[in-house]
Amino acid sequence: MSPKIHIHDAFKNRSVISMRDFSKDEILEILRLAKEMKASPPGETLKGKILASCFFEPSTRTRLSFEAAMKRLGGNVIGFAEGSSSSMSKKETLHDTLKVIGEYADLIVIRHPVDGAARLAAEATQRPVINAGDGSNQHPTQTLLDLFTIQECQGRLDGLHVAFAGDLKYGRAIRSLAQAASHFNMRMYFIAPNGLELPQQMCEELKRRSILFSFHQTLQEVMPKLDIVYMTRIQEERMPNAWTFCNKDYILNASMLKGVKPTMKILHPLPRVNEIEPSVDSTPHAHYFEQTRNGVFLRQALLNIILG
Ligand code: CP
């Protein structure tokens, strides 16, 4: 059996919970399929299938791009955008809620504010579950679309110099991406406000994988070396004292882009608050809106390989 067919078999009805569950070859195959989707959508391959879109936390991009991806492939979508409209507001457990939803749908996409909720959901149902973000823990489909975008704009993934700036403690997009990027021997630079640094456990994980990384006070210290700047907002909803964290030193403006590599690109999972000034949007380095557009192609590829 060819390795590609083997990977496709491994994805059939598989849950997507954490980037830790993916091999390098599996990641590369998903990116290849997303590229195919972007070049020419495959038609109504998921006609008759139903996706349950269960969002217990606000979302614009992840929810709507999953729903758009399913509909573009000919499938149907059921679900809710607020947990308060489910019977969990009547004290039904997450386990029972997901077990029931699994009776109605072929695949469940879940976003939840609690770390580990997506894995718990996957244990409650026989249907594949895709983690659309669980607390500060993981956001695997964001990471896959980030890697797709990086590969597309840089022509490769291996050996790139990538800075991660902003809330490195509570940001699940950063955590997932740093884990996955370690498959590609990226050199990582971390820049965070005091108190929002990368958790020790993540540092240990990167060390175990022999990844070169360093911590910096400002983006300017490393800017000329970078291929990618990955910006994030402070995750105010996950901390009781968000007002104590000052992010004025982490605000990217157009004047900070002098002397960078011509090919350097700025990514952000969005939404942004004030960490990238609008003056950056019109520079050739801004790439965050292309990044969010890629979410539909990547999610089409994932739905197709799991359900197709
Ligand atoms: N990037 C991301 O997860 O955005 P949403 O919160 O809008 O889904």
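**Entry 1: helix 4 and helix 5.** The axes of helix 4 (residues 94-104) and helix 5 (residues 117-124) cross at roughly 55° and come within 8 Å. For my own record, axes are lines fitted to C-alpha atoms, for helices over the stretch in contact, and angles run from 0 to 180 degrees between N-to-C directions. Helices are DSSP runs of H or I with at least four residues, strands are E runs of at least two, and both are numbered from the N terminus.

On the helix 4 side I found Leu-94, His-95, Leu-98 and Lys-99, and on the helix 5 side Ala-117, Leu-120, Ala-121 and Ala-124; contact means heavy atoms within 4.5 Å. Sorted by class, that contact has six nonpolar, one polar and one charged residues. The classes put Ala, Val, Leu, Ile, Met, Phe, Trp, Tyr, Cys and Pro as nonpolar, Asp, Glu, Lys and Arg as charged, and the others, Gly among them, as polar.

**Entry 2: ground rules.** This is a predicted model, so I note that local features need pLDDT of at least 70 and side-chain atom pairs count only at pLDDT 80 or more, while totals for chains, interfaces and linings use all residues. Residues are numbered from 1 along each chain as its sequence is written, and side-chain values use heavy atoms, with hydrogens and water left out.

Entry 3: What is the strand order of the open sheet? I read 7-6-5-8-9, five strands with parallel pairing; two strands pair if DSSP finds at least two bridges between them. Strand 7 (213-216) and strand 9 (265-267) are at the edges with a single partner strand each, so one side of each has no neighbour in the sheet. From one strand to the next, the twist averages 20°.

Strand 5 (residues 161-165) pairs in the parallel sense with strand 8 (residues 228-231) over four bridges, and I see Phe-164 opposite Tyr-230 in strand 8. Helix 8 (residues 200-208) packs on the sheet, where it touches strand 6 (187-191) and strand 7, and its direction makes about 145° with that of strand 7. Back on strand 5, five bridges join it to strand 6, again parallel, with Arg-187 of strand 6 as the bridge partner of His-161. Four of the five residues in strand 5 are buried (under 20% relative accessible area; over 50% is exposed and in between is partly exposed, with a 1.4 Å probe and protein chains only).

**Entry 4: helix 7 and helix 8.** Helix 7 (residues 172-181) packs on helix 8 at about 10°, axes 10 Å apart. The two are therefore roughly parallel, and the crossing is left-handed. Arg-175, Ala-178 and Gln-179 of helix 7 meet Met-202, Glu-205 and Leu-206 of helix 8.

**Entry 5: two residues.** Is Gln-291 buried or exposed? Buried, at 1% relative accessibility; I located it in helix 9 (residues 288-307). Asn-194, in the loop between strand 6 and helix 8, counts as exposed at 61%.

Technical notes: Angles under 35 degrees count as roughly parallel, over 145 as roughly antiparallel, 65 to 115 as roughly perpendicular and the rest as oblique. A crossing is left-handed if the near helix is turned anticlockwise from the far one by less than a right angle, and right-handed if clockwise.
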